[in-house]
Amino acid sequence: MKIQERTGAGAGRSAAPAQPSVGDRLPSPPRERKPALAALAVLLILLGALGATMLVLQVGDRVEVVKVTKDIPPGGRVTDQNSTIVMVADDPDINYIKETQLETIKGYTAVTMIPGGSLPVGEMFAKEPKIPAGKASVGVALKEGQYYADIKGGDTVAAYRVGTSGSSSSDSSDKDSSSSSSSGNGLIATASVENVKGESDATVSTGSKSITLLVDEGDAAALASASSAGEVALVRVPAK
């Protein structure tokens, strides 16, 4: 009897599942670490922050300045037709013409040739017109038909002597003698247009214009004489 009771008690105990103690839990598998990827992510973050900082600094150091789009001859002026505004890196050692100075610089004249595509500086202009050595400024008053339609400052032109219907025989002889030194009716092979009075106006009432030309000093007298007689016509020629 005692032997049977012990066996039954042992069987009952073996049927119950054993409960593992807290200290006997299985350890979780270690996580796989990738230090190279982590370092790359940190590097990309740092590069992005550096690039954003440099962009902000560059934008902060850029200024709007005047750029010449067409050649401006000595004595010429900056206009809306031969200039534009561009962004450049600011440099305190360069006397750029800032966008805020555009209207002011239009009242100044160039003291030297300014090629199109360049960024002019303040030293290239003067308040009072400065005539280059060996040159002269001559004003001519021309009627419609004695100049081409879109004449403007900075153009290169040739001046020709043209006859008038009211000329007398004595006038004709004077013209022949005064033009004997030139080829045909040509007065001046090349001259620069410094200014066209009212070039922004249509001048439809009279069709007349007052034009200032920069010419060689030796040609000034002949041009002034022909202009006073109303016998000058201008044609545009390629710039040399």
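**Exercise 1. Classify lysine 152 and follow its charge partners.**

Lysine 152 has 22% relative accessibility, so it counts as partly exposed. This is a predicted model. Which residue does the side chain of lysine 152 meet in a salt bridge?

*Solution.* 
- Step 1. The partner is aspartate 155, at 3.4 Å from N to O.
- Step 2. Check the cover on that partner. Aspartate 155 has 8% relative accessibility, so it counts as buried; the cut-off for buried is under 20%.
- Step 3. Look for another partner. Arginine 236 also meets aspartate 155 in a salt bridge, at 3.9 Å from N to O.
- Step 4. Classify arginine 236. Its relative accessibility is 43%, so it counts as partly exposed.
- Step 5. Salt bridges link Asp150, Lys152, Asp155 and Arg236.

**Exercise 2. Find what the aspartate 80 salt bridge ties together.**

Start from the total: the structure holds seven salt bridges. Which residue pairs with aspartate 80?

*Solution.* 
- Step 1. The partner is lysine 106, and the closest N and O atoms are 2.5 Å apart.
- Step 2. Locate both ends. Aspartate 80 lies in the loop between strands E1 and E2, and lysine 106 in the loop between helix H3 and strand E3, so the pair ties together parts 26 residues apart in sequence.
- Step 3. Aspartate 80 has 52% relative accessibility, so it counts as exposed.

**Exercise 3. Work out how helix H5 is oriented.**

Which residues of helix H5 (residues 220-228) are buried?

*Solution.* 
- Step 1. The buried set is Ala220, Leu223, Ala226 and Ser227.
- Step 2. Recall helix geometry. An α-helix has 3.6 residues a turn, so residues three or four places apart point the same way.
- Step 3. Turn to the other side of H5. Ala221 and Ser228 are exposed there.
- Step 4. Name the packing partners. The buried residues of H5 pack against strands E5, E6, E7, E8 and E9.
- Step 5. Zoom in on leucine 223. Beyond its neighbours within four places in sequence, leucine 223 contacts Val138, Val140, Ala159, Ile188, Leu213, Val215 and Val232.
- Step 6. Glycine 230 follows H5 and has a positive phi, near 70 degrees.

**Exercise 4. Separate the nonpolar cores from the nonpolar surface.**

How many residues are in the largest nonpolar core?

*Solution.* 
- Step 1. The largest core has 22 residues, and Leu223, Val232 and Leu234 are among those with the most contacts inside it.
- Step 2. Trace the contributors. E5, E6, E7, E8, H5 and E9 each supply at least two residues of this core.
- Step 3. E7 gives the largest share, five residues.
- Step 4. Look for another core. A second, separate one has 10 residues, including Ile97, Ile105, Ala110 and Ile114.
- Step 5. Now go to the surface. Leu37, Leu40, Leu43, Leu44, Leu47 and Leu50 form a nonpolar patch with about 590 Å² of accessible area together.
- Step 6. Take one member. Leucine 44 is in helix H2, and its 54% relative accessibility means it counts as exposed.

Key
Residues are numbered from 1 along each chain as its sequence is written. This is a predicted model: local features need pLDDT of at least 70, side-chain atom pairs count only at pLDDT 80 or more; totals for chains, interfaces and linings use all residues. Side-chain values use heavy atoms; hydrogens and water are left out. Patches are made of residues with over 30% relative accessible area and no salt bridge: like charges are joined within 9 Å, nonpolar side chains (Val, Leu, Ile, Met, Phe, Trp, Tyr) within 5 Å. Accessible areas come from the Shrake-Rupley method with a 1.4 Å probe; for residues, only the protein chains shown count as cover. A salt bridge is a side-chain nitrogen of Lys or Arg within 4 Å of a carboxyl oxygen of Asp or Glu. Helices (H or I, at least four residues) and strands (E, at least two) are DSSP runs, numbered from the N terminus. Buried means under 20% relative accessible area, exposed over 50%, partly exposed in between (1.4 Å probe, protein chains only). Contact means heavy atoms within 4.5 Å. A nonpolar core is a set of buried Ala, Val, Leu, Ile, Met, Phe, Trp, Tyr and Cys residues joined through side-chain atoms within 4.5 Å.
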